Amino acid sequence: MFKKVDARGLSCPQPVILAKRAMDQFPDEGVQVWVDTGVARDNVERLARMRGFTVKVRTEGNAFILDIGNEQ
Amino acid sequence: MKYSRNPLVLSGMVIGAIAIALQRLGNPPNMGICVACMIRDISGALGLHRASTVQYIRPEIIGLVLGSTISAAANGEFHARGGSAPLIRFFLGFFAMVGALVFLGCPWRAILRLAGGDANAVLGLAGLISGIWVGVGFLKAGYTLGRSHRNEPGSGLVMPALMVVLLLLAVFAPQMGTADGARTGPVFASLKGPGSQHAPLLASLVGGLIVGVLAQRTRFCTVGALRDLILIRDFHLFSGIIAFFSTALFLNLVLGQFRWGFVGQPIAHSSQLWNFAGMALAGLAFTLAGGCPGRQLIMSGEGDADAGIFVLGMLAGAGFSHNMSMAGSPAGPGAFSQIGVLVGLAFCLVLGYYMRRTDLGVN
């Protein structure tokens, strides 16, 4: 089950910091990050891929939802 | 999806080339593009300070914001948002400007100064990195200004509209009366000094527009580049900065305008402690606000009213810097530069320490 991180509306680089912390804390469960700017979406996705996680991005209303998991 | 650095590197090169081109066309030395200096000149043009040598409505700033607006709108990224501690952001912009004007340049100009051989920029950049490093420490400890929220589209259009008004003033430059034959307000324009040195209006505007579009697309950010290096060892944004610096350095060498040294550098001083401290303040304030001044302009063009408030804080900070003798000059720091920097540092440190939340993580 994904652990949810709501980083909507937060300035750079807080979405990345929160996502990184969650990935460190729950490497096996997977992390779901909510952001609402293209910059935050790109930054979190890049971080997750840098660390070898898989990322699925979808949009819901004004939000981007990134499902970050570590299984291929 | 791959994260290619090519667009960022290419943008860094183009922005570096535009900066040097604008210098060749008339902008002051090592000041092809300087967000802090140019906002300071606009502040003077509007009469917010009366330092007669640094007054001119710089079309580059107008172009940066409007280029970002056009690019964001075309790519579905224009969203009116705001409401994340606007008053604090105003004062972060204010003190970032105080610090930058003690050093005499924003992070972009610090890089351009280094690319022109100005060794004093090394101390400024060292200060900038130190300030960012302290800011990253606060961020890791949970520093936040809280969430912004979506607003009605109108609030996102205020900054682009303000730029259109500035452009109209730049084009029509209403002059009211004369004092001793010199032109006088409400729009002031320097007759000598850096404010009188400028590329043709159209070249400045188009240059700014191109930089605005590129920076909006690639998220080009000097403070973000250093911050990501320190925070997550991510070289992505940094690659753009290296391209920006390398291109400017290369062109300066080719054009024979590279001159290494501490003494006699254009619009610079060698009071190294205050070069360092001024930029440390600026770096800390930029980090606490989420990005470098160029990036704040870009975000304000994308509809971010909080970034717009930060920019207005810089505009006011420039006015106060000169009115209260806090700004540096080629002669050295101003009479009250030290006090201004220390007050700014105190503000940022208190803010960084107290604006912390630990409940924003996993929920």
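First, the ground rules. The model is predicted, so local features need pLDDT of at least 70 and side-chain atom pairs count only at pLDDT 80 or more, while totals for chains, interfaces and linings use all residues. Residues are numbered from 1 along each chain as its sequence is written, and chains are lettered from A and ligands numbered from 1 in the order in which they are written.

Now the overall picture. Chain A has two helices and four strands; these are DSSP runs numbered from the N terminus, with helices being H or I of at least four residues and strands E of at least two. Along the sequence the order is β-α-β-α-β-β. The radius of gyration is 11 Å, close to the 11 Å that the globule rule gives for 72 residues, so chain A is as compact as a globular protein of that length. That radius is taken over C-alpha atoms, and the rule is 2.2 Å times the number of residues to the power 0.38. Along the principal axes, the C-alpha atoms fill a box of roughly 25 × 20 × 20 Å.

Of the 72 residues, 47% count as buried. Buried here means 20 or more other C-beta atoms within 10 Å of the residue's own, exposed means 12 or fewer, and partly exposed is in between, with C-beta atoms placed from the backbone.

Next, strand E4 of chain A, residues 63–69. Which strands does E4(A) pair with? E2(A), residues 31–35, runs antiparallel to E4(A) and is joined to it by five bridges. E3(A), residues 54–60, is also antiparallel to E4(A), over seven bridges. Pairing requires at least two DSSP bridges between the strands.

Ile68(A) in E4(A) stands opposite Val31(A) and also opposite Val55(A). At the other end, Ala63(A) is the bridge partner of Glu60(A). E3(A) and E4(A) make a hairpin with two residues between them, and Gly61(A) in that turn has a positive phi of about 60°.

Finally, the faces. E4(A) has Phe64(A), Leu66(A) and Ile68(A) on its covered face, and Ala63(A), Ile65(A), Asp67(A) and Gly69(A) on the uncovered one. As for E3(A), zero of its seven residues are buried, so the strand lies largely in the open.
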